[in-house]
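Please open the model in your viewer and keep the sequence panel beside it. The tour below goes from one selection to the next and says what is found at each stop.

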Amino acid sequence: MKIKKLDAYQIFDSRGMPTVEVELTLSDDTVGRGLVPSGASTGQFEALELRDGDRRKFRGKSVYKAIESVKGEIAQALVGRDVYDQRGLDQALIDLDGTGNKSRLGANGILGVSMAAAYAAANSRGQQLFEYLGNGDGNLLPLPEIQIIGGGAHANWRTDVQDFLVIANGARDYAETLEITYNVYHAAGDIFRERGKYFGIADEGGYWPEFDSNEAVFEVFLEAIERAGYVPGRHASISLDIAASDLFDEESQTYRFRLENRSYSREAFAELMIEWCEKYPILSIEDPAADTDWESWKRIYEAVGHKVQIIGDDLFTTNLKRIQEGISRGVANSVLIKLNQIGSVTETMEAIRATQAAGWLPVVSARSGETEDAFICHLAVATNAGQLKVGSFARSERMVKWNECLRIERRLGERARFVGSRIYDLIFAQRLTT
């Protein structure tokens with residue numbers, strides 16, 4: 001099926017920031033749209049999100065240059081090509097851009113085209129997106145990581161730790177993960193109200209944090225799990241996104257907690273992360289060290305990697321070369337997967353497959369600036385990734401993803417699989433045998 005037309009528009013993400021929507025039309029008039037998310041806490045190795053930089057328009061955040069690239073150069077290169085050749089289309093976009101980080105045409109424009117092509121191809125065949133991307137082999141429903149309390153760049157640095165999330169590791173099916181999360185989320189809200197510290201929600205829907213220290217959050221989190229009727233660690237566990245690159249000063253080689261006015265050497269910060277993993281029912285920790293501090297990653301992984309999922313986000317940025325370097329160094333056991341970190345569907349799926357081939361776990365993730373699109377749910381199921389991180393249990397741009405997984409489950413029927421927290425057996429058992 002040939003691509004007949006490409007168009008692009010400026011729309012707005014969940015924070016009201018300009019972003020790209022691409023509309024791709026096929027020769028049978030089938031349409032696919034790609035809505036591009038945007039991050040606030042971005043890694044230095046990510047593909048470049050092209051913004052205009054003209055302070056007179058949307059405070060420099062407009063995306064008209066990326067849109068013109070789609071309507072101009074990219075359309076000229078892709079119109080007439082076969083939409084079912086996703087790999088060939090994405091490679092043509094990479095070659096056309098010609099830079100290592102998609103900075104000439106913009107990763108936001110390129111990704112929008114790549115996503116729109118996948119949607120159009122699936123629509124043209126009358127398939128769901130997960131069926132098309134997975135060639136019918138994807139049927140594993142994801143175990144969610146859901147934010148209860150926001151922080152870091154997503155909450156104006158009211159805490160230094162970026163995300164405090166829950167993993168419903170006691171859930172027997174996908175629907176029960178949402179029930180456990182619902183109960184914990186609202187129990188936490190009750191606690192904030194009772195203490196006079198209910199100040200609304202942060203960027204991704206988690207409660208706005210009002211604490212005197214980063215560690216004080218754990219007390220409320222554990223109380224919320226227990227008040228909801230669950231046993232911490234047995235039914236519901238803690239997942240942290242430290243986003244440590246945002247806390248690290250390259251010049252002084254120190255980490256800093258602004259909230260507590262405290263600085264840590266690299267060694268002391270690694271020991272603090274290990275101490276938290278030993279002290280609290282933490283099942284997963286993301287970016288516990290900066291993206292250049294390989295030694296601390298290694299130290300943390302060797303200490304707790306046998307029982308805690310160690311996820312690299314800023315460290316890997318969904319970049320195949322960086323993932324392969326991390327695998328060879330043995331510094332983690334999981335990779336956060338974000339479409340707009342690398343900028344095309346094909347490269348994202350290659351990153352997932354490389355992660356799985358190494359015996360590690362991929363965690364498909366949204367961004368803090370999200371759209372109403374649910375592409376990542378289909379990506380997670382299509383690749384049998386097994387985990388999905390979307391933000392909290394509030395705000396429509398988050399809930400649309402959790403709800404889409406329910407629809408995918410219905411579509412799969414008896415073919416749907418859910419392994420829940422047993423997915424961690426792969427990385428923990430592997431570590432115990434080495």
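Select N384 to begin: with a relative accessibility of 23%, this residue counts as partly exposed, a class that lies between buried, under 20% relative accessible area, and exposed, over 50%, as calculated with a 1.4 Å probe on protein chains only. N384 sits in the loop that joins α12 to β14 (387-392), where helices (H or I, at least four residues) and strands (E, at least two) are DSSP runs numbered from the N terminus. Although N384 is not a glycine, its phi is positive, at about 55°.

Before going further, note that this is a predicted model, in which local features need pLDDT of at least 70 and side-chain atom pairs count only at pLDDT 80 or more, while totals for chains, interfaces and linings use all residues. Residues are numbered from 1 along each chain as its sequence is written, and side-chain values use heavy atoms, with hydrogens and water left out.

Now move to R395, which is found in the loop between β14 and α13. R395 has a positive phi near 75° and is a residue other than glycine; at 25% relative accessibility, R395 counts as partly exposed.

Next, select helix α12 (residues 375-382) together with helix α13 (residues 396-412), whose axes come within 9 Å and cross at roughly 45°. Here the axes are lines fitted to C-alpha atoms, for helices over the stretch in contact, and the angles run from 0 to 180 degrees between N-to-C directions. That angle makes α12 oblique to α13, since angles under 35 degrees count as roughly parallel, over 145 as roughly antiparallel, 65 to 115 as roughly perpendicular and the rest as oblique. To see the contact itself, which means heavy atoms within 4.5 Å, show the side chains of I376, C377, H378 and V381 in α12 and of K401, E404, C405, I408 and L412 in α13. Sorted by class, this contact of α12 with α13 holds six nonpolar, one polar and two charged residues, where Ala, Val, Leu, Ile, Met, Phe, Trp, Tyr, Cys and Pro count as nonpolar, Asp, Glu, Lys and Arg as charged, and the others, Gly among them, as polar.

Stay in helix α12 and select F375, which has its place there. Is F375 buried or exposed? F375 is buried, with a relative accessible area of 1%. Leaving aside neighbours within four places in sequence, F375 is in contact with M115, A118, Y119, L129, L133, L339 and V345.

Finally, zoom out to the whole chain, which has 14 helices and 14 strands. Its C-alpha atoms fill a box of roughly 60 × 55 × 45 Å along the principal axes, and 62% of the 434 residues count as buried.
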